[in-house]
Amino acid sequence: MEQRSVSPETLAAQALGEVEPVSGGLSPVINPSTNYEQQPDGSYRQDRVYTRADNPTFEHAERLLAALEGAGCACALFASGMAAATAVFQSLLPGDHVLVSRVLYWGVRKWLAEFALTWGLDVEFTDTTDPGVLAAAIRTGRTRLLWVETPANPMWEITDLAAVCELAHGAGVRVAVDNTVATPVLTRPFEHGADLVVHSATKYLNGHSDVLAGAVLSARRDPFWERIRSWRRNAGAVPGPFEAWLLQRGMRTLFLRVHRASETAAAIATHLHGHPALKAVLYPGLPSHPGHQIAARQMSGGFGGMLSIRLAGGPEQAAGVLREVRVFKRATSLGGVESLIEHRAAIEGPSSPVPGDLLRLSIGIEAAADLISDLDAALDAAAGREAGP
């Protein structure tokens with residue numbers, strides 16, 4: 001039958017439109033086998049030997065994510081977002097200089113601080129939102145990787161991907177973009193020049209808070225990409241077949257969920273902007289956000305479902321708001337169907353660079369009015385408690 005070109009949204013909803021070849025089932029089967037039979041001549045069917053290298057179930061999820069990120073990229077699933085992220089760094093060589101966004105997911109920052117030095121990497125945190133600062137930080141002939149996160153967790157700073165990719169490539173530097181928050185629904189980094197894209201698939205890609213997974217995608221199947229794949233295989237950092245199956249199921253509703261979360265986050269940010277109890281509302285969709293114009297240029301269809309608020313009353317008032325919410329769930333992580341709120345500084349510990357007055361919000365798919373009402377009530381109650389004594 002003739003194949004017709006369709007949008008990424010349709011590809012996601014139909015999981016590439018692939019039908020199970022034996023039964024004709026619209027839902028892919030789960031293949032739990034860890035090994036494959038060798039033929040008498042020494043060959044293997046489909047060249048599969050052992051599931052640590054290949055498995056049909058997670059290959060389906062890889063094909064789907066690669067189609068969503070586009071540009072003919074290659075994709076490899078990992079056991080977690082951290083397994084995916086660290087595989088990129090561990091595929092570098094001792095002595096390599098690495099530039100990393102100064103604001104980024106705490107788990108990556110913590111791993112770099114604890115293990116990158118002993119791995120032999122020279123890691124430098126820099127302001128990727130300022131091309132001048134970035135240009136000055138690049139060491140010609142030594143800088144091998146630029147790691148960018150945008151919007152950057154949890155301050156939601158915006159980096160101009162096209163600008164930093166052009167700058168980095170001019171110096172022979174590979175660019176990796178953590179696209180967990182924007183997702184391919186809102187931003188496709190390869191279209192802006194990125195070499196690698198990384199996801200914590202636990203978050204929006206799965207979207208139901210019940211899968212631990214990660215992914216690395218590459219614009220080219222070059223030796224560095226093969227080194228990442230080799231690391232995954234030899235380190236055993238692969239997902240289980242059931243997790244991979246749940247991931248592809250979650251991606252079927254990715255566009256609906258991300259668009260809904262983005263619309264609600266924008267409504268909440270607009271409602272809270274200028275609230276007397278708040279020092280700031282951090283959301284790239286607000287015109288007052290310093291990165292708004294860049295975000296509007298490189299994000300299509302919304303500005304994401306993540307925002308942070310900073311309380312005028314400091315850490316004590318932030319803790320008070322956290323106690324008073326009833327609809328928001330007090331939990332870590334992000335990107336699920338339920339809305340979450342957390343005090344990042346407390347989660348990250350005493351070495352965290354996050355202000356103590358900041359609360360991070362992950363917006364789900366609930367009614368926007370319920371979430372706004374919950375925050376209003378919590379802010380009022382926290383202010384009342386603070387004023388009472």
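This is a predicted model: local features need pLDDT of at least 70, side-chain atom pairs count only at pLDDT 80 or more; totals for chains, interfaces and linings use all residues.

Student: How do the strands of a sheet pair in general?

Tutor: Strands of a sheet pair through backbone hydrogen bonds, in either a parallel or an antiparallel sense. In this structure, seven strands form an open sheet with mixed pairing, in the order E1-E7-E6-E5-E4-E2-E3.

Student: Which strands stand at the edges of that sheet?

Tutor: Strand E1 (74–78) and strand E3 (122–126) do; each has a single partner strand, so one side of each is left without a neighbour in the sheet. From one strand to the next, the twist averages 20°.

Student: In what sense do E4 and E5 pair?

Tutor: Strand E4 (residues 143–149) and strand E5 (residues 174–178) are parallel, with five bridges between them. Within this pair, Glu 149 is opposite Asp 178 of E5.

Student: Which strands does helix H4 touch?

Tutor: Helix H4 (residues 106–119) packs on the sheet and touches strand E2 (97–101), E3 and E4, and its direction makes about 145° with that of E3. Helix H8 (residues 223–235) also packs on this sheet, touching E1, E5, strand E6 (196–200) and strand E7 (214–218). The direction of H8 makes about 25° with that of E1.

Student: What is the strand order in the sheet of five strands?

Tutor: That open sheet has the order E8-E9-E12-E11-E10, and its pairing is mixed. Its edge strands, E8 (278–282) and E10 (329–330), each pair on one side only. E8 and strand E9 (residues 306–311) run antiparallel and are joined by four bridges; Val 281 has Ile 309 in E9 as its bridge partner.

Student: Where does helix H10 lie?

Tutor: Helix H10 (residues 254–272) lies across E8 and E9, at about 20° to E9. Helix H12 (residues 314–324) packs on the sheet as well, and its direction makes about 125° with that of E9.

Student: What describes two packed helices?

Tutor: They are described by the angle between their axes and the distance between the axes. Here helix H2 (residues 56–69) and helix H9 (residues 241–251) pack at about 30°, with axes 8 Å apart. H2 is therefore roughly parallel to H9, since angles under 35 degrees count as such. The crossing of H2 and H9 is left-handed.

Student: Which residues make the contact?

Tutor: Among them are Phe 58, Leu 64 and Leu 68 of H2, and Trp 245, Leu 247 and Met 251 of H9. By class, the contact of H2 with H9 has 10 nonpolar, three polar and no charged residues.

Note on methods. Residues are numbered from 1 along each chain as its sequence is written. Side-chain values use heavy atoms; hydrogens and water are left out. Two strands pair if DSSP finds at least two bridges between them. Helices (H or I, at least four residues) and strands (E, at least two) are DSSP runs, numbered from the N terminus. Contact means heavy atoms within 4.5 Å. Axes are lines fitted to C-alpha atoms, for helices over the stretch in contact, and angles run from 0 to 180 degrees between N-to-C directions. Angles under 35 degrees count as roughly parallel, over 145 as roughly antiparallel, 65 to 115 as roughly perpendicular and the rest as oblique. A crossing is left-handed if the near helix is turned anticlockwise from the far one by less than a right angle, and right-handed if clockwise. Ala, Val, Leu, Ile, Met, Phe, Trp, Tyr, Cys and Pro count as nonpolar, Asp, Glu, Lys and Arg as charged, and the others, Gly among them, as polar.
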